[in-house]
Amino acid sequence: MNHLTPHIDAFSEEALLVGESARAFFASSDIKSIRARLGRLPSHRPPVWRQMIEMGWTGWRADAAAQGCALSFEAGVLLHEEIGAAAAPEPLLQTAVLAAGLLGRSPSPAHAVEELRRLVLGERCCAVAWQPPARGAGAAEPRGVTARRQGDGVVLRGALHFVPMADAELFLVAARCERGLGIYRIRRDAPGLTIAEVERIDGIVCAELAFADVRAEAADTVIPPEQGAAALEEVLDEGRLALSAELLGAMAEVLHLTLDYMRTRKQFGRAISGFQALQHRAADLAGQVEATRSAVQAAARVFDQTADPVRRRIAASRAKASASAGAIEVITACVQLHGGIAYTEECDVGVYLKRAMALAAWLGDARFNRDRAAALAARGGDEGAHTALPGWLEEIRAWVDENLPREYRYPARRMSWRETHAWHQKLNAKGWVAPAWPREFGGMGLTPYEEVQLHDVYETFGINTFQNMGLTMLGPLLQRYGTPEQQRKYLPRILSGETYWCQGYSEPEAGSDLASLRTSAVLEGDEFVVNGQKIWTSLAHEADMMFLLARTDPAAKKQQGISFLLVDMKTPGIAVNPIVNLTGAKDFCSVFLDNVRVPRENLVGELNQGWTMAKSVLGSERIMIGHPRFAKSALHMLRQVGASRGLAEEPVFLHVYRGLAAEVADLEALYVRYLDALRNGRQLGAEVSLLKIRSSETWQRIVDALRETAGEQGALNARESVGDGLGLHSAVQFLHARPATIYGGSNEIQRNILAAHLLKLS
């Protein structure tokens, strides 16, 4: 498992053991060749397949009655990720997930126990056949084969294609009759069954089955027609999840191979890993791998935590859409980074590309699964829909609907702290102002996923508050590094809105290169004397306090000799000059500090150790910037503008909208995964930059689409009515997203950080 960020994921002991054993298995010397194992596999019983059976992998979804091990989906995902990383062509997914899934759901013990046991032990090889020739892999309700009752059995007529186990001994065939969709066991030598073979681009031999009055006896009914459609759809969704993990493993492995190649391949007398353009490209590919990993892990959690078929369908399709698109993007880009060698059989990258082409199309490609997930969510199946809200969240939604003033809904610009102070106080009175803070500090103590759910509710009302840096940045830092006195003094005032904070980090010569800051703080007795300038300080003209970085040891190295101070903005010597931005708002300020005296008790942490706090706040800032609420809010606006233009069902608009919605879903999964790691005590390093890049650029892509959808109205300096008395200012929304890729460290610098510290490119 070539995991870019293994330290942030908390897997169960069971899952870790499965992943480690699979990784060790595929690293063994006797199974290194990928191409040698392509083609017909099951009936020939090659050594690799026999070893998989002996390790119990074919029974990972089967229960103990069938001699399976009934692993969690979390563990199964790690297993299939290793399958993908090895480009292993062995039919584990077809056997252990699809065939075993149908047999395990059979109401007949002869199938659910006996036939399944034979499959698990490798005594029988079964393949599932359900796809008609013309409808493609996404169809869960085939019309390719019909079943006509004849005596105690049925007679099958029709054709099914895309069966990726051409020499299976048994086929589990989906056939439609007047009572529904039945699943029937058909032997490969059954009279009337014709099997043609076709080779996939990745070398796997598939079967095309033609049924000419093929008889299935009553005992061959695996799942009766009344239950077959639901069972097949459930199994295909489990297959989509496993297949997503295999695609994830493939893309992660190819990126790993490519990074190694970049470190050794030389051009113009130097390793190509030192070329910034290639470093930035690799950083983007790493972001796609991590986003896909987050989507797959999120889907596995859904499968482990609920049996709700609709939630599972949405999760499976979101993961498969992300993995299908992501694998093709990453692997084709890695071909480019390898150069001409990747277009030859000497390089295994081409093998992975062909494998990804086949797997990305199987069980529905990215577009099919995006559309499927969107359609299911639109019908109210998504966990964020009002009809499915948990009680605590429904209470908040109803209260906000009743109490939120109309002027706060979809404001044309970012509203300032003073403008939203009354709303802040209302939320604080309810105990809802700090969702992420632990309860012992006055917060709601929500999990990362619950916090995202809460912001989903807020975004339905267009709330654009929660910009308070005391809540999102300083508060968490004081909870970790502040003294008890500092916590008692400042945290309650942040919650109440009595004190608003601004951040004094950037300087004219120290933006993304923050360690070059020049603001000085000289200790004189019990006070620091601060001199210097801060710039791009958000809402400093409204702030009561500032947390800032100042150099307290000018002789130390750049990252050393910096201290973290808390400064009262009313202190003599502070001058604030607002800066008007492109929207006409005064969001940013220059702050001048001339012999400003700060009590020593306002030092957070140790003297000259402020860089530790700086990184913590920067991490919190990038987590804050990486919050999906900005992109989700813009997506909601895009949907409203599209509806007001009569484009809600227009194919081109739907294609764009659903593609962006899929990006937001991946972003949400990435955010929850990273924040969950942070709250569980794991340290986040350079990987936070991935979140910042993807969030800000996803937000910009959405407002780009918003501006285009708005047309000429989008170029007016005016709000547009979108119904229900609400108005949107598309032009301002477009402009408002521009600095997102600049502040918090420009995205170009973030890519440099990723290349150097996460990908080890230089």
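**Labels and the rules behind them**

Modeller: The centres of domain 1 and domain 4, taken over C-alpha atoms, are separated by 40 Å. The model is predicted, so local features need pLDDT of at least 70, side-chain atom pairs count only at pLDDT 80 or more, and totals for chains, interfaces and linings use all residues. Residues are numbered from 1 along each chain as its sequence is written, and side-chain values use heavy atoms, with hydrogens and water left out.

Colleague: Where do the domains lie in the chain?

Modeller: Domain 1 covers 13-125, domain 2 covers 391-466, domain 3 covers 484-614 and domain 4 covers 627-759. These bounds come from an automatic or database domain assignment.

Colleague: What does UniProt place at residues 227-372 and 608-759?

Modeller: An unreviewed UniProt entry puts "domain: Acyl-CoA dehydrogenase/oxidase C-terminal" there. UniProt positions are given in the numbering used here, feature names are shortened, and annotations may be inferred rather than shown by experiment. In the model, residues 227-372 are 81% helix and 3% strand. The end C-alpha atoms of that stretch are 22 Å apart.

Colleague: How many helices and strands does the chain have?

Modeller: It has 21 helices and 20 strands. Both are DSSP runs, numbered from the N terminus: helices are H or I with at least four residues, strands are E with at least two.

Colleague: What share of the contacts in the chain with a separation of 6 or more comes from residues 24 or more positions apart?

Modeller: The share is 74%. Contact means heavy atoms within 4.5 Å.

Colleague: How do you know whether Glu90 is buried or exposed?

Modeller: Its relative accessibility is 2%, so Glu90 counts as buried. Glu90 lies in the loop between α3 and α4. Glu90 and Ala295 are 205 residues apart in sequence and 25 Å apart in space, C-alpha to C-alpha.

Colleague: What span does α4 have against a straight helix of 13 residues?

Modeller: Helix α4, residues 92-104, spans only 16 Å between its end C-alpha atoms, whereas a straight helix would span 18 Å. Twelve of the 13 residues of α4 are buried. Among them are Leu92, Gln94, Gly101 and Leu103.

Colleague: How do you know how many disulfides there are?

Modeller: A disulfide is a pair of cysteine sulfur atoms within 2.5 Å. A search of the whole structure finds zero. The sulfur of Cys69 is 18 Å from the closest cysteine sulfur, in Cys126, so it is too far for a bond. Cys589 is in no disulfide either; the nearest cysteine sulfur, that of Cys502, is 7.9 Å away.

Colleague: Are those two cysteines, Cys69 and Cys589, buried or exposed?

Modeller: Cys69 has 39% relative accessibility, so it counts as partly exposed. Cys589 has 0%, so it is buried.

Colleague: Where is Leu539, and what is its phi?

Modeller: Leu539 is in the loop between β13 and β14. Its phi is near 55 degrees, a positive value in a residue other than glycine. Leu539 has 4% relative accessibility, so it counts as buried. Trp536 is in the loop between β13 (527-534) and β14 (545-551). Phi of Trp536 is near 60 degrees, also positive.

Notes: Buried < 20%, exposed > 50% of the residue type's maximum accessible area, 1.4 Å probe, protein only. Expected span 1.5 Å × (residues − 1).
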